Amino acid sequence: MMGNIKEDKQKIDVQQMINEKKSTQNNLKIIEKIVPVFLFLCAALSILTTVGILFTLLRESITFFGEQGFFSFITGTKWNPWAGDFGVLPLITGTLQITVISILVALPIGLASAIFLSEYASDKVRRTIKPTLEVLAGVPTVVYGYFAVSFVTPILRSIFPEIGIFNALSAGLVVGIMIVPMIASLSEDAMNSVPTSLREGALALGSTRLEVALKVVVPAAFSGIVAATVLAISRAIGETMIVTIAAGASPNLTFDPLVSIQTLTAFIVQGIKGDTTFGSMIYYSVYAVGMTLFVFTLAMNLLSQYIARKFREEY
Amino acid sequence: MANNTQAQTSNQQQKSTVFDVTDLNLWYGEDQALYDINMNIKQNEVTAIIGPSGCGKSTYLKTLNRMVETVPIVRISGSIKYKDSEIFDDKYKKEDLRTKVGMVFQKPNPFPKSVYDNVAYGPRIHGIRDKKTLDQIVEKSLRDAAIWDEVKDRLNENAYGLSGGQQQRLCIARCLAIEPDVILMDEPTSALDPISTLKVEELVQELKKKYSIIIVTHNMQQAARISDKTAFFLNGEMVEFTETDTLFSTPSDKRTEDYITGRFG
C-alpha cells in the first residue's frame with residue numbers, strides 16, 4: 001500500500017519547500033521586530049494615561065493646597081465651598097459610610113453566592129445562575145440610583161420613619177447590591193480554580209462539604225477573594241451615580257446612615273456641573289477632592305497586594 | 001515474602017473481616033464499570049488490586065470509602081459491609097465511613113498549608129483543638145509516615161516546598177493522623193521516583209501492623225513485593241482473588257496468567 005502511494009505522487013522535499021518559502025519572506029523579519037514594539041506601545045499607553053491623570057490632579061491640587069493649606073483641608077470638619085469652607089472630612093465620612101454599608105451587604109452575599117456556585121451547584125445550575133448574576137453587573141448605575149430612591153428608600157421609611165428622602169443607608173445598600181456580582185463572580189473564579197484533588201483529600205479525611213468549602217477551598221482561594229473584595233471596595237469608593245441620586249448633596253460630618261450626606265465623588269459631580277468658573281477656588285477644590293479619591297483607591301490596591309501576599313496559599 | 005507467608009498461616013484463623021463486598025455493580029451513567037464483585041478483605045493485611053488501565057480497580061477502591069459518589073452520575077447496586085455495617089445504608093454517614101477508611105491518592109495532594117496544618121487538618125475537623133494534643137498527633141503521624149526527620153525543622157513551611165516523595169508521605173501522615181482502620185491507596189507511587197517508591201513500600205510493610213491496607217497498583221512487582229493477597233481485575237470483573245504467592249506462581253484463571261506473564265496489559 002505505502003509503496004504504491006510513493007510511486008503515484010511526486011517526491012516531496014519539505015526542507016526545500018521551507019527554504020523557498022523563507023527566501024520569499026524577508027519582510028517577516030521586519031514584522032517580527034515591529035510587532036513587539038507596537039505591543040509595548042499599547043501597554044505603555046495605559047501607564048501614560050495614569051501618569052497624565054496624576055499629573056493633572058497634582059498640578060491643580062497643588063494650586064489649591066497653596067491657597068487653602070493642606071492641613072486645614074484634611075482636618076477641616078466643614079465642607080461648604082460656596083462659603084469658603086474647605087474641610088474635606090465630611091466628604092470622607094460620607095464616602096466611608098457608603099463603602100462600609102455596601103461591603104457589609106456585598107461581602108456576605110457575594111461570598112455565599114460564590115461558595116454555593118463553586119461547591120454546591122450542579123454544572124447546569126452554575127451555567128444558569130452565573131450569567132444572570134453578571135447581568136446585574138451590566139445594569140447602568142443611573143438605574144440603580146433610581147431604584148434606590150424609588151424602591152429602597154420607601155421600604156426603609158416604613159422601618160425608620162425619620163429617614164430622609166436622601167440618605168446614606170439606601171445608597172449604601174444599593175451600591176452593595178451593585179458590587180455583589182463582582183465579588184461573587186471573581187471569588188467563584190478563584191474557588192473554581194482550586195484543584196479538585198484538594199477537595200478529594202479533604203473529603204477522604206471525613207470532612208463534610210461545608211468543611212471542605214470553608215477550611216480548604218476558601219483558604220486556598222483567599223488571595224483571589226481578597227483581590228475581588230478590594231476591587232469591589234474600590235468600586236464602591238469610586239461609585240458616583242447612585243450616591244449622587246440617592247445619598248443627597250449635604251456634606252454632613254456624621255456616621256448616622258439615616259441622614260443625607262455627600263461623598264467625594266458626588267461633590268466632584270456637583271463641582272463641575274457648569275456653574276463653577278475656571279480658576280475659582282471651587283474649581284481647584286474639585287481636583288483636591290479627586291486627588292483624595294485617588295489616594296484612597298491607591299491605598300486600597302496596595303493593601304490588597306499586601307494581604308494577598310501575606311495570606312497566599314499557593315497550590 | 002517468607003515472613004508474610006508465615007504470618008498468614010499463623011494468623012489466618014483469627015483475622016477478622018474489614019470489608020465484605022457482595023454482588024457489587026457500578027455504573028457511570030449507562031456504562032457499567034464493575035460487574036458482580038464479591039470480595040472479603042481481612043484486617044491487618046495488605047490487599048493489592050492489579051489490572052490493566054480502565055479495568056475498574058480505582059473505581060472499586062473509591063467505592064470502599066464512597067468517594068466514587070462525588071461523580072454525580074454514579075449508580076451502585078449490591079452491598080458492602082464495613083465491619084458488619086452496610087455502608088450504603090442511609091443511616092451510615094459517608095463522613096463517618098471516611099473517618100475510619102482513609103485514602104492516599106495517586107498524585108500527592110497536600111493542602112496549600114504548612115506541613116503542621118496539613119497533618120492537623122483531620123484531627124481539627126473532628127474537634128481536636130488542644131495545641132499540645134495536636135503537637136503530639138502531628139509528631140506521631142509524621143514519625144509513623146517515616147518523614148519526621150526530614151520535616152521536623154520545617155513544620156511551619158508550606159507543604160508545596162517538599163519534594164514529590166515527601167509530599168506523598170506527608171499525605172500518608174495526614175491520613176494516619178485520624179487513626180483510621182483501613183488505608184486505601186490509589187497507585188500511591190506512580191508519580192514518584194524509584195527511591196521515594198521504595199520508601200513508601202517499606203512504609204506500607206510497617207503500617208500493616210496497625211492498619212489494613214488496600215492498594216491499587218499498575219506495578220505487578222510492587223504487588224508481589226508488598227501484598228499478602230492480590231486481586232486481579234479485568235474489564236470491571238474480579239477475575240481472581242487469592243494469596244499473592246499463589247496468584248503469581250499458580251494462577252487458576254487463564255486471563256490472570258496471560259496478564260502476569262505480560263501477554264497483554
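This is a predicted model: local features need pLDDT of at least 70, side-chain atom pairs count only at pLDDT 80 or more; totals for chains, interfaces and linings use all residues.
## Basis of the model

Local features require pLDDT of at least 70 and side-chain atom pairs count only at pLDDT 80 or more, while totals for chains, interfaces and linings use all residues. Residues are numbered from 1 along each chain as its sequence is written, and chains are lettered from A and ligands numbered from 1 in the order in which they are written.

## The largest nonpolar core

A nonpolar core is a set of buried Ala, Val, Leu, Ile, Met, Phe, Trp, Tyr and Cys residues joined through C-beta atoms within 7 Å. Buried means that 20 or more other C-beta atoms, placed from the backbone, lie within 10 Å of the residue's own. The largest such core holds 152 residues, and the members touching the most others are A:Ala148, A:Ala171, A:Val174, A:Ile183, A:Ile242 and A:Ala246.

## Strand S7 of chain B

Strands are DSSP runs of E, at least two residues. All five residues of S7(B), 182–186, are buried, so the strand is largely enclosed by the rest of the structure. B:Val182, B:Leu184 and B:Asp186 lie on one side, with B:Ile183 and B:Met185 on the other.

Strands pair when DSSP finds at least two bridges between them. S7(B) pairs in the parallel sense with S6(B), residues 101–104, over four bridges, and B:Gly102 stands opposite B:Ile183. Five bridges join S7(B) to the parallel strand S8(B), residues 212–216.

Methods
A residue is buried if 20 or more other C-beta atoms lie within 10 Å of its own, exposed if 12 or fewer, and partly exposed in between; C-beta atoms are placed from the backbone.
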